Structures are given as structure tokens and as C-alpha cells.
Amino acid sequence: MSAVLTASELWKTFGEKEVLRGISLELATHEVVALIGPSGSGKSTLLRCLNLLEPIDDGRILLGEEDISDPRVKPDAVRARFGVVFQHYNLFPHLSVLDNVTLASRVVHGVARATAEERGTRLLERIGLADKAREHPDRLSGGQQQRAAIVRAIATDPEVLLLDEITSALDPELVGEVLDLVRELAADGATILMATHEMAFARDVAHRVLFLDGGVVVEEGPAAELFAAPREARTREFLARMS
Ligand code: ADP
Ligand code: MG
């Protein structure tokens, strides 16, 4: 399996605070990796650094073979190769659902409107939202909005999907439909790096899990192993709190 994303020794400080303290990770093609860890452990910062939304202070990031931490790299061109979904505020409120889904294809990737809309409509059909294509996002439930945001993120065929706690702002009854869609994408072979506090979901869907605490990877391993028999005391304490 070839590496899609390789991060080596990433360091990031905000003011005096060291938020990432030498984090390394590798994501192989079709691999699903979960980032777990307490609030403030650096999961979101790590994801934001990987797609160049935040500059790193030190370290190296390869996307495929390309060193995207090279200062000469154009961040917009790199970001166009990622699909990203955050906790909330994902969809543009002033655009229709279909325009949300097709915007990046049309504007960033230069796909013709008709082609983008055909594909966008098919994606919305797949998640049962074709009838909402012309509506604005505020007409959708939170779960529908997050599913539309996921579909928007995959509309450009990104090399990597970065998901940051995408269900944590949802009412509990809406979480399942969003996780089911991620599960489907994973089964279809998407390459996914996801911060999540849904431990059962991470155990079921992720191939590998990284436990972060204090800006370092405390422990990592195959999902089944890490959840069944965590080696580190900090991992055990965290998992006990989460269950
Ligand atoms: P997590 O996603 O694991 O909860 P974060 O990456 O959001 O963790 O945050 C890690 C630490 O970095 C926290 O202490 C947070 O307060 C701090 N932090 C995150 N973003 C910023 C920022 N833009 N400016 C200052 N501190 C930040
Ligand atoms: Mg976070």
C-alpha cells in the first residue's frame, strides 16, 4: 500500500503553548484512521495543519510524493486535493444545497456547470436529498446538512478526506445517518483521517487508531487491538472515561 499522506515530526505552537509536539503519522491509500483523545489534545490543529489551514513550525508533510510543507507550495492548490468536513458551519448558507455541492468542482477544478450538476445531483440522490437540491441549507436537518457537507467534500474526488468531529454538534438521533454515510465511503475505499469521539464507530470503521494527548501520539495501533487492549495507562484512562 502506498502512502497518501505522510507527516513527520510536526510541531506547532500558539503563542507559548506547544500544541503539536512532534507528531508523525502515515495514511495509506484506502486506509481509515481515527484520531481520538481528550479535548485540547491537538486533533483539530493537526487536521488543520495537514491541509495547510495552519502553518506548522517544524516538520514535513508529504501528500503523495509532494512535499506540501515546502513554503513555495501554493496552499490553495493543496487544499483542493483534500475533502474536509468540520463540526459545524460547513455549508454556505446563501447557496442552494446543489450549488454547495458543485461549487468547488466548478470554481476550483474548472468543471462545466452541467457536468458538475449532473454529478452533484447523483450524489444527492445517493444520500436521499435530491429533492432538497434547490433548497437553502437552513431547510435541512442537522444530519442532512452534515451529509450534504460530506457529499460536497467528496464531489471533487479528493485524495484524502479529513473529518473533524463531524457528529459532535448533532442531536443524538441524527448521528447515526451521518456515521452510516462515512461507513459507506470507507467501504467504497475512501482514504479517511477522522477525529472522532464516537468510540464504537472508530472501533468498527477505522483500520487504525491514534490516541493523542498533549500534542503527542501516545499510542497507536489497529483499532481492534487498541480498544480491546490499550498498552498505555493514559489510553486506558481515556477509554474508561469515554465508555
Ligand atoms: P482538539 O481538537 O483535540 O480538542 P485543538 O487542536 O482544538 O484540540 O486544540 C489544541 C490546543 O490548541 C488547545 O489548548 C487549544 O486551546 C489550542 N488552540 C487551538 N487553536 C488555537 C488558536 N487558533 N490560537 C490559540 N490556541 C489555539
Ligand atoms: Mg477538535
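I call a residue buried if 20 or more other C-beta atoms lie within 10 Å of its own, exposed if 12 or fewer, and partly exposed in between, with C-beta atoms placed from the backbone. The model is predicted: local features need pLDDT of at least 70, side-chain atom pairs count only at pLDDT 80 or more, and totals for chains, interfaces and linings use all residues. Residues are numbered from 1 along each chain as its sequence is written, and chains are lettered from A and ligands numbered from 1 in the order in which they are written.

**Asp 67.** I looked up its setting first. Asp 67 sits in strand β5, residues 66–67 (strands are DSSP runs of E, at least two residues; helices are H or I, at least four; both are numbered from the N terminus). Asp 67 is exposed, because 12 other C-beta atoms lie within 10 Å. Leaving out residues up to four places away in sequence, I find Asp 67 touching Arg 60 and Leu 62 (contact: C-beta atoms, placed from the backbone, within 7 Å).

**Sheet.** I traced 6 strands in an open, mixed sheet, ordered β6-β7-β8-β3-β9-β10 (strands pair if DSSP finds at least two bridges between them). β6 (82–85) and β10 (216–222) each have a single partner strand, so one side of each lacks a neighbour in the sheet. Strands β6 and β7 (160–164) run parallel, joined by 4 bridges. Val 85 has Leu 163 in β7 as its bridge partner.

**Helix α3.** I checked residues 97–107; the buried ones include Val 97, Leu 98 and Val 101. The buried residues of α3 pack against α4 (113–126) and α5 (142–154).

Technical notes. Two residues are in contact if their C-beta atoms, placed from the backbone, lie within 7 Å.
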